[in-house]
Amino acid sequence: LPSGQRARRIGVLPQASSLAFAFRVDEVVALGRLAAPGPDDDAIVRRAMEEAGVLHLAARTYPTLSGGEKQRVHLARVLAQLADADGAHLLLDEPTASLDPAQQHAVLRVARKRARAGFAVVAVLHDLGLAARHADRIVLLRAGRVLAEGTPWEVLEPSLLRRCYGIETTILAHPSDGTPLVVAA
């Protein structure tokens, strides 16, 4: 795809993003609209900030934010970028880095919401518990090769985790929803 079309259909949230300028948070999020500007940009930026939980930070300057706040601002930027995209792809590389547990789940709920809306969502996660709770399918990689692929219950299996990570695990059903709960021994 030409770069303009790619930017309108594929949003990437890297593990870490740097920005040296003292832009306000709302300005950083508005950068996501550069690929497809329109008359509703202000409303789109506001909705993206609300969804990412950073609307209250709108007037703050980016360099004053914590690492987790910066990560959520960039999530809002990507959401604004793809706001009017059909068949969009959302690629998340360790989107929960620098976030507290509540924010980790909030970010992954946003990803699930986008998946339910028809987005293709791919997230790289090292936290097996988060993957188990939020992923429909998991691909377990070892040395860059696929070791297993399937549902969380199919992939988060003690013998596979031993082969992949060299650790012993016990897998329990989470009491609230029955998803796998990985306990390292």
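1. In α3, I44, A48, M49, E51 and A52 meet R72, L75, A76, L79 and A80 of α4. Contact here means heavy atoms within 4.5 Å. By class, that contact has eight nonpolar, no polar and two charged residues. Ala, Val, Leu, Ile, Met, Phe, Trp, Tyr, Cys and Pro count as nonpolar, Asp, Glu, Lys and Arg as charged, and the others, Gly among them, as polar.

2. A word on the source. This is a predicted model: local features need pLDDT of at least 70, side-chain atom pairs count only at pLDDT 80 or more, and totals for chains, interfaces and linings use all residues. Residues are numbered from 1 along each chain as its sequence is written, and side-chain values use heavy atoms, without hydrogens and water.

3. Helix α3 spans residues 41–52; its axis lies 8 Å from that of α4, at an angle of about 135 degrees. Axes are lines fitted to C-alpha atoms, for helices over the stretch in contact, and angles run from 0 to 180 degrees between N-to-C directions. The two helices are therefore oblique to each other. α3 passes α4 in a right-handed crossing.

4. Helix α4 (residues 67–81) also meets helix α5 (residues 101–116): their axes come within 12 Å and cross at roughly 10 degrees. That makes α4 roughly parallel to α5 (angles under 35 degrees). R72, L75 and L79 of α4 touch Q103, V107, V110 and R114 of α5. This contact has four nonpolar, one polar and two charged residues.

5. The largest pocket has a volume of about 700 Å³. Its lining holds 26 residues, with A123, V124, R137, I138 and V139 nearest the centre. α5, β3 (120–124), α6 (128–134) and β4 (138–142) each give two or more residues to the lining. β3 gives the most, with five. The lining divides into 20 nonpolar, two polar and four charged residues.

Key
Helix = DSSP H or I, 4+ residues; strand = E, 2+ residues; numbered from the N terminus. Parallel < 35°, antiparallel > 145°, perpendicular 65-115°, else oblique. 1 Å grid on protein atoms, 1.4 Å probe; cavity = no way out; pocket = protein on both sides within 12 Å on 5 of 7 lines; lining within 4 Å. Points joined across faces, edges and corners; volume = space filled by probe spheres on them. Left-handed = near helix turned anticlockwise from the far one by under 90°.
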